[in-house]
Structures are given as C-alpha cells and as structure tokens.
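Welcome! Take a moment to look over the model, and then read on for a short tour of its parts.

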Amino acid sequence: MPRFMRVMAIGAATVLLAAVPPASAQQAGGTQAGAQAGTQAPPQPAAGQADQSAQALRAELDRLRQEFDAVKQQYADRLAALDAKLTAMEAAKPAPTPAAAPAAPEAPVAPPSAALSKVFNPDIAVIGDFLGAAGHNRVAPTSSALEMHETELSFQAVVDPYARADFFLTLGPDGGINVEEGYLTFTSLPGGFLLKVGKLHSAFGKVNQMHNHVLPWTDRPLMTENLVGGEDGISDAGLSVARLIPNRFMFLEATAEAYRGESAIFHAPSRGDLTYVGHLRGYQDLSEAANVDLGASVAYGHNGFSPDSTTRLIGIDATFRYRPLRMALYHRFLARTELVWSRRSELTGKPESFGAYVSGEYQLAERWFGGVRLDYADRATDPTLTDKGGSVILTYWPSEFSQVRGQLRRTRYAEGVTANEFLFQFLFSIGAHGAHPF
Amino acid sequence: MHNRFSLFVAAALMLAGARPACAGGKINIVTATEDLAALAREVGGDRVEVDSLARGYQDPHFVEPKPSFILKLNRADLLIVVGRELEIGWLPPLITQSRNSKIQPGAAGYLDASLTARILELPTGQVTRAMGDVHPLGNPHYWLDPDNGRRIAQAIEKKLAEMSPGDAASFAAHYADFDRRLSAAEKRWDGEMAPYRGMKIVTYHRSWPNFAERFGLDVVAYIEPRPGIPPSPSHTLELMQEMKRQGVKIMLVEPYFDLKTPDAIARDTGAKVLVMAPSVGGEKETTDYLKLFDYDINMLTTAFKQVSGK
C-alpha cells in the first residue's frame, strides 16, 4: 500500500510540474502549503490504538511529503539547467543570414542540420502543363485558347520497410484541386504480390494509366474520349493486386482490381456496385534494342444510366519499341495501338461500340521527336455515330525537364463537321527527379 | 454483389503460386552496371551468379526500365547500385515492382557501392538545374579510379560474407587476390602514365574526374556546355578557341555519344578524338575491371605519344 501511495505522489508531482509553467513555481509552493494545512487539520482521534495508527499515518505522510519535495526540487533543477542550456545555445547561434549558408567544403558529406530535418520529407515535384489551341472545333471545343491546363504536384516516399506511398495532386485550369492518384504500394508481400491501395489510375490498357505529362500527344485519343472516360478515365478509389506469373518464355503479369465504382465512365447506384478491372501484360525482349509489350484488359461496372445498367469494356494493346543502346540518346522508335470494345446494357438497348488508335513516335535527334496518330471511335451510347481523326506531332526537348510540343489535329465528327486545329503545349517540371515511365 | 467481390478475391488468390526458386545455393547478384558486376565476380568467384542491368556501352543515366529487368530483380538476393542518383531515372520503379523485399533500399540485400568510395565534385554551394543535370550527391562516375574499385570490392566482400558466413574465407581470399593483382596493375599504369602527368584534355561529359585525378590529367573543358545538355554551336566555338589557346590535343568521348561535334572540333583544332570505355563491357576488349584500365590507358598513352612525341 505505501509503495502504491508513493508512486501516486510522485505521479501527482510530475503532473503538477508538467502542467504548471516553470515561472509559476511560487504557485506550486502555494498549492503545497494548502495541502500541508489540510493534513494538519484532521480531527484529533480519541486515544490508544487509533492514536498510534494516526501517528504512523502522519509519519508516513511526512515521509511522502519529503519525497515529494525532493522530486519537485529535482525537476526544478532540471528545468533550470535546461533553461540555461537553451539560453546559451540561442546566444551561441549566429544571426540568421538571408541566403542559406553553403555546406562547409571541408566536410561536404555531412549535410547541414537544416537538411537533416528534411531528410524524411517526401520527394516533391511540380509539373506544369500549359496548353494552347488555335482553329475551329464546333463539336468539342477547348474552353480557352490559352490555359494552364494542369499543375501536378507529386509527393513520393517510402512509408516503412513494407510500403511506399505516391501522391499526385492536380490543379485544373480554374484552380480546383483533385487527388489524381494517391496510393500505398506494399513492396514486400509474400507470394510475389504487389498490392496498391488508394486512388489509382486503373490498369486498363496503356493510355488510361498515363498522366498528361507522359503522353506523347497534347490530347488523348478519340477512343479514350468516347469510350474510356476521357482525360480522367478509369481513376477511382480501390485495390489493385498484381502478380508475376512465372514461366519460361516471357514477362507475364496479371492484375486484378476492384474500385468503389465512381469514375468518369462508371457510376455505382448503390454501395455494393463495385467496378472490376482485370489486366494481363506480356513483355518480351526481341533483342537488347527491340521489344514487344502486349496487353489484354477488361473492365466491368455500373454506368448509372439506370440501377441495373452496366458497361463492359474489353481492350487490347500492343507496343513495339526500338532503341539501340549505344545510340539511346539520339534515336528511338515506338509504335503502339489500342483497341477497345464497349458494351453498355441500358433500358433502351445494348449499344456495342468500338474505338482504336494507332500511333508512332520517332526520335529524330537528341532533342527532337516526331509523331503520328490515327483515331477511330464510335460514340459509347450510339455506335452509329463514329468520329475519326488524325494528328501530326512535333516535340522539342530543351532538356530532360522541359518539353515544347505542337500538334496538328484534324477530326471528322459524326455530325459531318470537320475540325482542323493546332494545339501546342509547354511541359515543365521542377523538383525531385522522377523516374521516366516505360 | 458480394459474390462478385469474393470472385475477385478468389481470382487474386488463384494468381498465387510457387515463387521461382533461386539458383542452386549460389548468391544471385544483380548490379546496375557492368563495372559492379565485374567487381562482384572478382570477389564472389564461383559462389555467386552475377548479372548486370545496364550494358557498358550504354549511358548509365538513361537506361530503359524494361519489365525483363523486373524478372531479374525478382530473383536477386543482392542488388548493387552505383548510387549518387546515377540510376534515379530508371531503377526505383523497377525495385518497387520487383516484389522482392530483400533488395528494397535499406534492406540487407541492397548495397550502394558509393558509400565507401571516394566521391568527387560534391557540390558545396546551392545546386540548381540551371547547371544542367547535376548530381547533388557528387559525381557518380567514381569507379574510374582503381582505388575506388578496390573499395567497392571490399564493400562487396563484406556484404557477401554477411550473407553467406560459411563462404567468408573464400570471399576474403578472392578479395586478397584481386587486391594484389590490382596493386600490381596500378604500378604498371602509373608507370605508363607518368610521362603524361599534367596533360590537358577535354571530355564530352563529366565522366572522368576520378580517372583524371588518379592519373594526373588536367580536364580543362567539356564538350557539353553543362552536364546532360547537348553541345551548342556557341559553346563549341568557345571550346575550340580555348583548346587552341591551351594547346589541348586530346578529347575523351564515351561510346554512347554522337561523334559529330567532337569530329568537327577535331578538324578545326587538330586534336584527337578518343572513344574511351567508361565501363567494363564498353568495348569488346574490356571484359573485366583490370582490362578496362588496360584498354583506356593503352589508348591514352598511344595518343599522347603521337601528339606530344614523348
């Protein structure tokens, strides 16, 4: 029992000292005096045993009080010492200079203390995507001739020994902020799984997974616009599990995903109506310079047209790359196609639409890239309406961190209208050096 | 709807299966570059399987992160990287997708070879990209100093002994043998290069500071106006004047750069263009770490002899 009380008393002293700022030590003393007065005032016990036990109690109380005082003194001393140390440190610190002092050249390996505090900050980058448009488009006009189309902020870091996190926030032309992607990747799961949890660009095909700044065009193919949800595409909150399938022939990866069911093309009427996406990717090196990358995708979910109406997408993609290693800085070629079949079940029928693009990019010189794209896409709700288009693209890279791109685009819309446009784009990035997508 | 979700879970579980087995008892090492692979072979001997992702004639800054590399990383017991952000543009997503907890940065099977090496060009002031594609952690081409080769080999020996204590004696013996051969070769290289100490050279990229420091060469300028920025006409003109003024007769070019600008400079200044191997595997003769220096030093001394008559 006494031990318990002692612990209580020390605990109380600690709480008191923690709660009361050091300057008000007097007040603490006052409280203690009050407590003393209180202990001296108990009614006198009658006599005999009661008297003895009361004396014992008083002795015990006195002892506790002494202990309490000792603890208090210790804490007061420690606080005073800390206070003194702090003052000394403040005095020793030189006045802050406006420019960050460079690291001492004789010890360049040790980062300055200011850098140490940032060591756990995520890698941060900002990517600007400035778009301009000229020409006429009466069917799908861009909102303005010049716009800061998108500003992407990325924050990426390792979370713990088991996972990493990647956040991509985008600000639109009007300043609205959007979590384009924000997910956790478990890198160390047993069984060879790679699990992503969060908001993701779904693994449907190729273009759907690409951020604007890694596209080889200023826009997205008509197929994406008409059938796969346009710029935002299938991007939703959910889970993605990918696994390598061991075999002797090629790189084979299967991905299964489940999403909340709210994206540009899927709308869940009730909570259980999730969107499901499956993707199979096969990759094979043909030589050290050339390779093929093949994919098959399926996506299924409710489209929100009516409680029971659904959309099913099936996609195939194929990419051929050629990049001679010795001349990798100067020449590369990439040809890609994606085909998508969409089937919607609606009250009025089951429209089945098809869309595809074929694109090629060739690096002409260290800083110059030329490209071509041909588009074909039915409208998702009415396959009798078909849009067709073609583009020629020229891209210049002043450095790895900025690009200037021009695109001549001709679109023949189903309405019988032809739009000829010139689109141009400035892409620029600052901050941490992100990896190049493949 | 729940049925469909359980189907999804079932499908995910069905994808599970046996992981590919690792090579029979050997430590499976994957390295970022062929130099590290050569050093790992020196130390590991027949107790290790070594594979490099980048080739020696490829610019190690710009390697394509091919999915076939994911398969190699997936099976690796040890990943050795050059570090100093050399591989930042391609290796991190491959490691993430490797599904291999052993080789994640910070894990026991991840070795950054630069940690024990002597690093040059550590920026001391503020670093901005106005300087080009600078490496804020110092010049990553540090393996071109034989003493750094020794240090890397030693770090690999330590790591391998940690991973396979039973073979520690074998790794130590291999390291000692490599150290002895390297020391003997260094004496030879120093002797061959001695007449040319202080010679002025120009290099394409900043790939050679460690090599130049070790063998007493004076790099007076670069063909790139800034690291990673392609040659510009105005910079090339200035460079040609500077080379004539200082009497620079040798230009070192890595095998993955276009020779158009160096050749034009050579025609104007009379200097020689040497396509040197910056890495093991950079030329077909440079099959291991010692042969890399044999090749480069032979090429250099031959050229110096021609231009200086010494």
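## The largest core

In this predicted model, the largest nonpolar core has 86 residues, of which B:Ala40, B:Ile80 and B:Ile156 touch the most other members. A nonpolar core here is a set of buried Ala, Val, Leu, Ile, Met, Phe, Trp, Tyr and Cys residues joined through C-beta atoms within 7 Å. A residue is buried if 20 or more other C-beta atoms lie within 10 Å of its own, exposed if 12 or fewer, and partly exposed in between, with C-beta atoms placed from the backbone. Helix α10 (residues 289-308) of chain B gives this core its largest share, 8 residues.

Which residues is B:Ile156 in contact with, leaving aside its neighbours within four places in sequence? They are B:Leu39, B:Ala40, B:Val43, B:Ile80 and B:Leu111, where contact means that the C-beta atoms, placed from the backbone, lie within 7 Å. Another core, of 22 residues, lies apart from the largest one, and A:Leu227, A:Leu274, A:Tyr357 and A:Ala377 are among its members.

## Chain B as a whole

Chain B has 10 helices and 8 strands; these are DSSP runs numbered from the N terminus, with helices being H or I of at least four residues and strands E of at least two. Along the principal axes, its C-alpha atoms fill a box of roughly 80 × 50 × 35 Å. Of the 310 residues in chain B, 48% are buried.

## Two helices that cross

The axes of helix α8 (residues 233-246) of chain B and helix α9 (residues 260-269) of chain B come within 10 Å and cross at roughly 40°. Axes are lines fitted to C-alpha atoms, for helices over the stretch in contact, and angles run from 0 to 180 degrees between N-to-C directions. The two helices α8(B) and α9(B) are therefore oblique to each other, since angles under 35 degrees count as roughly parallel, over 145 as roughly antiparallel, 65 to 115 as roughly perpendicular and the rest as oblique.

On the α8(B) side, B:Thr236, B:Leu239, B:Met240, B:Met243 and B:Lys244 meet B:Thr261, B:Ile265, B:Asp268 and B:Thr269 of α9(B).

## Where the chains touch

The contact between the chains takes 48 residues from chain B and 45 residues from chain A. On the chain B side, α1(B) supplies the largest share, 6 residues.

## Reading the model

Residues are numbered from 1 along each chain as its sequence is written, while chains are lettered from A and ligands numbered from 1 in the order in which they are written. Local features need pLDDT of at least 70 and side-chain atom pairs count only at pLDDT 80 or more, whereas totals for chains, interfaces and linings use all residues.

How values were computed: Two residues are in contact if their C-beta atoms, placed from the backbone, lie within 7 Å.
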